[in-house]
Amino acid sequence: GLRQPIIAIDGPAGAGKSTVARQVATQLGLVYLDTGAMYRAITWLVLQKGIAIDDECAVAQLATQCKIELTPSHNLEIPVRVWINDTDVTQEIRTIEVTSQVSAIAAQSAVRKALVKQQQSWGKRGGLVAEGRDIGTHVFPDAEVKIFLTASVGERARRRQQDFTKQGQPEVSLEQLERDIAERDYKDSTRKISPLQKAADAVEVETDGLSPSEVAMQIVNYYQKCVSQL
Ligand code: CDP
Ligand code: CDP
């Protein structure tokens with residue numbers, strides 16, 4: 001049958017993917033899909049079960065057998081509610097520990113295969129704004145609208161620091177945040193399987209100095225233009 005449009009948003013850590021994708025989805029009446037939350041949820045489960053990050057067999061078994069659910073969050077500060085095997089891990093998946101290990105889990109082929117399959121089945125009928133690292137290149141290569149969101153490392157580190165402060169978390173220095181972000185970007189863009197890359201037909205939006213709603217407006221305008229030409 002007919003598929004509704006899909007907006008694919010990819011880009012490095014802290015570019016504003018979650019914040020902007022969520023605003024765009026609300027404005028256009030589409031479903032928001034946070035794929036990073038799924039990689040984070042598996043990472044949390046691996047840590048919680050005491051499985052070694054590099055034990056690819058055990059990680060693969062978890063990834064193929066677990067049940068992940070994403071449900072809408074009614075709190076503006078929380079992108080989505082995330083459940084794994086019926087446990088609410090919405091808060092737990094955002095810790096520094098999960099963040100520091102997630103790229104190693106996301107590089108494993110069995111993990112990617114299981115999660116991409118799930119994402120594609122959720123997206124079969126379209127009507128979503130999906131956000132991650134490989135959405136336009138791999139998960140939804142036929143997406144009507146593809147955005148590659150970027151910002152300088154300094155700007156992204158400042159955004160993360162503000163997020164920590166707002167959440168009342170202990171202060172982390174800008175230097176530390178820049179190092180962490182650069183390291184994760186490096187791992188995500190150099191891994192063998194579907195690395196972070198701008199799709200050939202994606203539009204790059206550089207967001208330094210722009211507010212989330214300014215970026216969302218640019219994407220909504222671009223979407224209207226693309227859809228009117230279908
Ligand atoms: O929000 P933030 O940019 O910190 O990260 P995220 O979008 O929650 O994604 C966390 C990690 O999951 C990324 O650093 C990637 O290693 C991985 N990921 C991926 O490999 N593919 C995706 N489609 C989404 C996330
Ligand atoms: O998902 P991703 O890691 O790309 O970024 P995020 O989790 O949405 O975090 C981005 C942070 O920067 C949020 O606190 C936003 O309010 C802020 N921000 C933004 O997203 N976009 C801008 N143009 C400016 C700031």
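Trainee: In the largest nonpolar core, which residues touch the most other members?

Mentor: This is a predicted model. Its largest nonpolar core holds 55 residues. The ones that touch the most other members are I7, L149 and I219.

Trainee: Which helix gives this core its largest share?

Mentor: The core counts 55 residues. Its largest share is 8 residues, spanning part of the stretch 35-48. That stretch is helix α2.

Trainee: Which residues does I219 touch, leaving out those up to four places away in sequence?

Mentor: I219 is one of the residues with the most core partners. Two others of that group, I7 and L149, are among its contacts.

Trainee: How many residues make up the second, separate core?

Mentor: A157 and V172 belong to it. L177 and I181 are also included. The total is 5 residues.

Trainee: Which residues come nearest to ligand 1, and which element gives the most to its shell?

Mentor: There are 19 residues around ligand 1, and R40, R112, D134, R184 and D188 come nearest. α2, α4 (96-106), β6 (128-132) and α8 (174-190) each supply at least two shell residues. With 4 residues, the top contributor is α2.

Trainee: How many residues in the shell around ligand 1 are charged?

Mentor: The shell includes 4 nonpolar and 5 polar residues. The charged ones number 10.

Trainee: What share of the accessible area of ligand 1 does the protein cover?

Mentor: Start with the polar contacts. Oxygen atoms of ligand 1 lie 2.8 Å from a side-chain N or O atom of R112 and 3.2 Å from one of S103. A polar side-chain atom of D188 is 2.7 Å from an oxygen of the ligand. Of the 530 Å² that ligand 1 has on its own, the protein covers 98%.

Trainee: Which helices each supply at least two residues of the shell around ligand 2?

Mentor: Ligand 2 is surrounded by 15 residues, with S18, T19, R160, D163 and L210 closest. By type, the shell has 6 nonpolar, 5 polar and 4 charged residues. The helices are α1 (17-28), α7 (153-166) and α9 (212-228).

Definitions and conventions:
Residues are numbered from 1 along each chain as its sequence is written. Chains are lettered from A and ligands numbered from 1 in the order in which they are written. This is a predicted model: local features need pLDDT of at least 70, side-chain atom pairs count only at pLDDT 80 or more; totals for chains, interfaces and linings use all residues. Side-chain values use heavy atoms; hydrogens and water are left out. A residue is near a molecule or strand if one of its heavy atoms lies within 4 Å of it. Ala, Val, Leu, Ile, Met, Phe, Trp, Tyr, Cys and Pro count as nonpolar, Asp, Glu, Lys and Arg as charged, and the others, Gly among them, as polar. A nonpolar core is a set of buried Ala, Val, Leu, Ile, Met, Phe, Trp, Tyr and Cys residues joined through side-chain atoms within 4.5 Å. Buried means under 20% relative accessible area, exposed over 50%, partly exposed in between (1.4 Å probe, protein chains only). Contact means heavy atoms within 4.5 Å. A polar contact is a pair of N or O atoms within 3.5 Å; within protein, one must be able to donate a hydrogen and the other to accept it, and residues adjacent in sequence count only if both atoms are side-chain atoms. Accessible areas come from the Shrake-Rupley method with a 1.4 Å probe; for residues, only the protein chains shown count as cover.
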